[in-house]
Amino acid sequence: MRSDLRGNNNDSMESITTSDFNALQAYLRDACGILLGNTAGDLALRRLRPVLDGYHLVSVGDLLESLGRPGRPGLKEAVVDAITLSESQWFGEEAAFTVLQDSILPEIAERKPGKRVSIWSAACATGQEPYSVAIIADEFRDRHPDVLGGIRIVATDTSRSALEVARRGHYEINPRTKEVSLGRRERYFVPLANGGWRVSPDIRALVEFRELNLLRRTLPGKFDVVICQDALVYYSAHKRKAILTRFHAALNPGGYLISGTPGLAGEIPDLFEPVECPGGTVYRKR
Ligand SMILES: C[S@@+](CC[C@H](N)C(=O)[O-])C[C@H]1O[C@@H](n2cnc3c(N)ncnc32)[C@H](O)[C@@H]1O
């Protein structure tokens with residue numbers, strides 16, 4: 001299970017002082033729109049440790065002081081990167097992939113037969129999510145030849161280091177976790193001589209990676225589906241609304257938002273209507 005900055009995660013050896021924690025919580029809220037739960041201080045410190053070491057800072061207090069001074073390029077971005085954690089899993093939020101495979105792709109194929117399906121994986125981290133989407137779409141195409149005119153996936157994130165990993169498409173896959181079935185591994189991955197697996201060229205060719213900060217801009221073009229898992233949860237309601245308004249604008253009429261973010265339905269009644277599918281709830285553009 002992923003660690004949650006909104007919840008109780010006191011599993012670190014290192015402890016943050018109360019005053020550093022209060023100041024960090026206020027900085028993240030006011031300067032970045034990120035909400036840090038009251039019990040997530042030690043987890044935040046653990047995530048920030050590489051940033052502190054990299055910038056030769058001793059404490060979170062030093063970090064906050066540096067953030068207030070000019071001449072530390074990239075420091076704020078490094079903090080946001082560390083806090084929002086570029087962690088991803090193959091077929092991570094299972095419900096999202098079930099809904100995509102069993103409900104959304106069949107509906108799009110019926111509504112616009114023979115046309116290309118465009119999918120935006122927003123906040124794609126190290127790439128497992130968009131490659132999982134590509135595999136699901138390719139399997140759908142195999143089962144229903146000719147109903148889709150093509151597959152285009154644009155995957156974006158703010159983290160340059162995560163995007164580098166994603167573009168490389170080279171992963172360690174633990175067979176015991178069953179996150180990627182044997183069949184999918186054999187079909188969609190190439191084993192590497194030095195260990196690990198590389199996503200097959202066919203699947204890599206379906207995904208284009210771009211750097212993009214969801215708080216600042218949207219993607220040009222229109223999409224049938226936006227998938228955004230485990231990223232909105234970090235942001236305040238105000239910032240979330242701004243991001244969701246961008247997703248709304250980027251979707252084709254009738255397009256879908258897939259996001260397991262708790263409480264989303266109540267925040268976006270003017271933009272999206274919830275659609276209950278056998279695998280879970282998705283949101284259709286109004
Ligand atoms: C926990 S990962 C989730 C990855 C993937 N969506 C998944 O569920 O497997 C969160 C990602 O959100 C990205 N992120 C956070 N804030 C962002 C923003 N404002 N714009 C773009 N990406 C952002 C982070 O860089 C990180 O890679």
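Predicted model: local features only at pLDDT ≥ 70, side-chain atom pairs only at ≥ 80, totals over all residues.
Biologist: In which helix is Tyr 27 found, and with which residues is Tyr 27 in contact, leaving aside its neighbours within four places in sequence?

Modeller: Helices (H or I, at least four residues) and strands (E, at least two) are DSSP runs, numbered from the N terminus. Tyr 27 belongs to helix 1 (residues 18-32). Contact means C-beta atoms, placed from the backbone, within 7 Å. Beyond those sequence neighbours, Tyr 27 is in contact with Leu 64 and Leu 67. Leu 67 is 40 residues away along the chain, and its C-alpha atom is 9.4 Å from that of Tyr 27.

Biologist: What is the order of the open sheet of three strands?

Modeller: Strands of a sheet pair through backbone hydrogen bonds, either parallel or antiparallel. Pairing here requires at least two DSSP bridges between two strands. The order is 3-5-4, with antiparallel pairing. Strand 4 and strand 5 (residues 197-199) are joined by three bridges, and Pro 191 lies opposite Trp 197.

Biologist: Which strands are joined to strand 10 (residues 280-285)?

Modeller: Strand 8 (residues 251-258) runs antiparallel to strand 10 and is joined to it by two bridges; Leu 257 stands opposite Tyr 283 there. Strand 9 (residues 272-277) is also antiparallel to strand 10, with six bridges, and Phe 272 faces Lys 285 across that pair. Strands 9 and 10 make a hairpin with two residues between them.

Biologist: How many residues has the largest nonpolar core?

Modeller: In soluble globular proteins, nonpolar side chains tend to be buried together. A nonpolar core is a set of buried Ala, Val, Leu, Ile, Met, Phe, Trp, Tyr and Cys residues joined through C-beta atoms within 7 Å. The largest has 78 residues, and Ile 258 is among those with the most contacts inside it. Leaving aside neighbours within four places in sequence, Ile 258 is in contact with residues including Ala 96, Leu 100 and Val 282.

Biologist: What does the domain assignment give?

Modeller: Domain bounds come from an automatic or database assignment. The assignment lists domain 1 (18-84) and domain 2 (94-285). Their centres, taken over C-alpha atoms, are 29 Å apart. Seven residues of domain 1 are in contact with nine of domain 2. Helix 4 gives the most to the domain 1 side, three residues.

Biologist: How many residues surround the ligand?

Modeller: A residue counts if its C-beta atom, placed from the backbone, lies within 6 Å of the molecule. There are 23, with Ser 86 and Gln 229 among the closest. Helix 4 (75-84) and helix 6 (128-143) each supply at least two residues of this shell.

Methods:
Residues numbered from 1 in each chain as written. Contact = placed C-beta atoms within 7 Å. Buried ≥ 20, exposed ≤ 12 C-beta atoms within 10 Å, placed from the backbone.
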